[in-house]
Structure formats: C-alpha cells, structure tokens
Amino acid sequence: MKHGPLLAAGLALAMAAPAAQAGAADEALFKKQMRAFVKVDGAPPGAIATLRKNGSTKTFTAGVANTRTRAAARPTDHMRIASVSKAFSGAVALDLIGKGQLSFDDTIASRRPDLPAAWGAVTLRQLLGHTSGVPDYTQSKGFQKQLQTKPGGFVSTKQIIDWVRTDGLVFPPGSKYEYSNTDNIVVGLMAEAASGKTYPALLQEVVFGPLALSETTFPTRLPLPRPFIHGYVAAEGGFEDVTNLISPSGAWASGAIFSTPNDVNTFVAGYVGGKLATPALQAEQFKFFPGGRSSPPGPG
C-alpha cells in the first residue's frame with residue numbers, strides 16, 4: 001500500500017548479484033549514501049540493506065529501527081513490507097498460470113462475476129501491470145474514514161471492494177499505467193476463485209513453503225511479531241510510532257505481509273532467480289507499459 005516514505009517500517013533492499021559484487025570502495029560509498037538517505041527530510045529514521053552472494057550475506061544499516069532505544073535494524077527483525085507484498089501476489093498468479101488454472105487473458109467477470117460489472121472486461125494481465133483502470137480503494141472516502149476512526153479494526157475483502165464498488169473505471173483498460181492498490185486485491189480474489197483455495201493458503205503453498213520463509217506471515221490482525229522494526233509518521237518535534245496502529249487486513253493482497261530483511265532477500269532472490277516460475281512466465285514480467293509513470297514512480 002502507498003502510505004508515503006515515513007510509514008515504511010524500514011527499508012529492506014534485496015540486492016541482486018551485480019550489487020553483491022561491490023568492492024570495499026563501493027561498500028563505503030553505499031554506507032555513505034544510506035546515512036545521507038535517512039537524514040533527508042521526509043525519510044524514515046532508519047534503513048537496512050542485505051546483500052547476498054554465494055550463500056554469504058552482508059548487512060548494512062543507517063539510522064535507527066527504534067527512536068526510543070536508538071537500536072539499529074537487524075536482518076532478523078520483523079517489519080511490515082507494505083507494497084512489496086504485491087510481488088507475492090504476482091508470484092501466486094504466475095504459479096496458477098503455469099499450472100493452467102489461470103490465464104493472463106482471464107477477465108474479472110470470468111473469474112469473479114460478483115465484482116463490479118463495470119470492471120468486468122479488465123484482464124489479469126492489466127491488473128498485474130497496473131494498467132487496469134480499476135479505482136484505487138485507498139483513495140476512497142470509506143478507506144480514509146476507516147483510517148481516521150478505526151485504523152486497527154478488521155477489514156474484510158468485501159469491505160475493501162465495497163468502498164469502490166459503485167465507481168467506474170478511471171480509464172479504459174490497457175490505455176495507461178496508474179498504480180492502484182485494488183488491482184492486487186482483485187488478483188488475490190481471482191486466484192482464490194481459480195484454485196478453490198484461500199489466498200493465505202496459496203501464499204503458504206506457492207511462496208512461503210517452497211522458499212522456506214519461516215519468518216514471513218500474512219496476518220489479518222496486529223501486533224507485529226517481536227522483535228520488529230518500528231514504523232513512524234512525521235509528528236511535531238520528531239516521529240510518532242504507528243507500528244501497530246493500522247490493521248494489515250485493510251491491505252490484504254496489496255500490502256499485508258509481515259517479514260524480515262533476511263526473508264525478503266530470500267524471496268526476491270527466488271522470485272527473480274527462477275524458483276517460482278518458468279523462464280517464459282518470467283519474461284512476461286518484463287513487458288513494461290512504455291513510458292508509464294505513476295505513484296510510486298516506475299515503468300509499469
């Protein structure tokens with residue numbers, strides 16, 4: 001989910017092999033850049049990066065994971081990984097496509113006729129690539145009211161959809177790139193319909209289990225498992241700790257996962273390293289929407 005930089009519980013950078021080949025000078029520069037990053041106005045108070053190569057992991061930190069104790073983040077600390085969770089829903093979708101249970105061209109109407117008819121022609125490919133035009137529920141009045149009045153309350157997937165159920169598409173499907181948290185909610189719902197399994201069960205079967213992500217969970221309630229990296233928002237005179245303020249249920253397949261820097265690194269390495277999908281399916285991930293720019297900035 002898109003909450004702005006200070007709601008990030010920490011910055012877990014899972015670096016690929018080229019970055020892990022850095023020498024001493026590059027590592028020194030990287031440390032300097034991380035220290036500069038946490039001092040930028042609007043940045044989180046702490047950052048952590050794990051670089052892995054040939055079974056060896058190096059950890060770099062800057063700032064703090066807890067503004068009260070001043071402790072630095074550790075690679076085994078839990079954190080809310082927010083929109084990195086979207087890559088997990090992508091992994092589930094690719095797995096089901098590989099098994100023939102889903103197709104990139106499946107439409108919302110064909111898999112989830114209970115969802116708004118106005119969204120019916122949108123395809124799974126468009127949802128995964130944020131070119132669907134499906135309205136972002138985090139921009140709805142209902143979601144904003146939830147945050148203001150009951151941020152820790154349980155939110156069902158039905159409620160998430162209901163917040164934008166009467167809204168039409170923002171633009172014709174496939175015509176542009178625009179980030180929408182609803183996209184990945186619908187991906188999860190389509191995966192459930194295609195497999196006959198719950199989304200949490202699919203995550204365990206497709207991702208958590210095969211990659212041995214023992215410290216990664218998909219919760220519907222707080223609090224974060226201890227030890228954890230704290231999350232903050234800017235407040236007068238410093239930061240306000242909001243680590244256990246907002247229920248993960250309101251993010252579901254769009255951003256509910258709790259994990260650790262070590263587990264995130266393992267996931268990314270497996271995801272891009274071919275452990276979760278065939279080369280042909282992985283190639284589909286790199287078909288970006290030309291010139292796509294949105295929030296957060298990205299190619300599509």
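Modeller: Terms first: helices (H or I, at least four residues) and strands (E, at least two) are DSSP runs, numbered from the N terminus. This is a predicted model: local features need pLDDT of at least 70, side-chain atom pairs count only at pLDDT 80 or more, and totals for chains, interfaces and linings use all residues. Residues are numbered from 1 along each chain as its sequence is written, and side-chain values use heavy atoms, leaving out hydrogens and water.

Colleague: What percentage of the protein chain counts as buried?

Modeller: Buried means under 20% relative accessible area, exposed over 50%, partly exposed in between (1.4 Å probe, protein chains only). The protein chain has 300 residues. The share that counts as buried is 46%.

Colleague: Is H78 buried or exposed?

Modeller: H78 sits in the loop between β3 (56-63) and β4 (79-80). Contact means heavy atoms within 4.5 Å. Leaving aside residues up to four places away in sequence, H78 touches several residues, including E215, F228 and T260. Its relative accessible area is 6%, so H78 is buried.

Colleague: How far apart in space are H78 and S259, C-alpha to C-alpha?

Modeller: The two residues touch. In sequence, H78 and S259 are 181 residues apart. In space, their C-alpha to C-alpha distance is 5.3 Å.

Colleague: Where is P227, and what is omega for the bond that joins R226 and P227?

Modeller: P227 lies in the loop between α9 and β5. Most peptide bonds are trans. The bond joining R226 and P227 is cis, with omega about -5°.

Colleague: What is omega for the peptide bond from L222 to P223?

Modeller: P223 is also in the loop between α9 and β5 (232-235). The bond from L222 to P223 is cis, with omega near 5°.

Colleague: Is A212 buried or exposed?

Modeller: A212 is in the loop between α9 and β5. Its phi is positive, near 55°. Relative accessibility is 57%, so A212 counts as exposed.

Colleague: And W252: buried or exposed?

Modeller: W252 is in the loop between β6 (238-241) and β7 (258-259). Its phi is also positive, near 40°. The relative accessible area is 9%, so W252 is buried.

Colleague: At what angle do α8 and α9 pack?

Modeller: Axes are lines fitted to C-alpha atoms, for helices over the stretch in contact, and angles run from 0 to 180 degrees between N-to-C directions. G188, A191, E192 and S195 in α8 meet Y199, P200 and L202 in α9. The axes of α8 and α9 are 9 Å apart, and the angle is about 80°.
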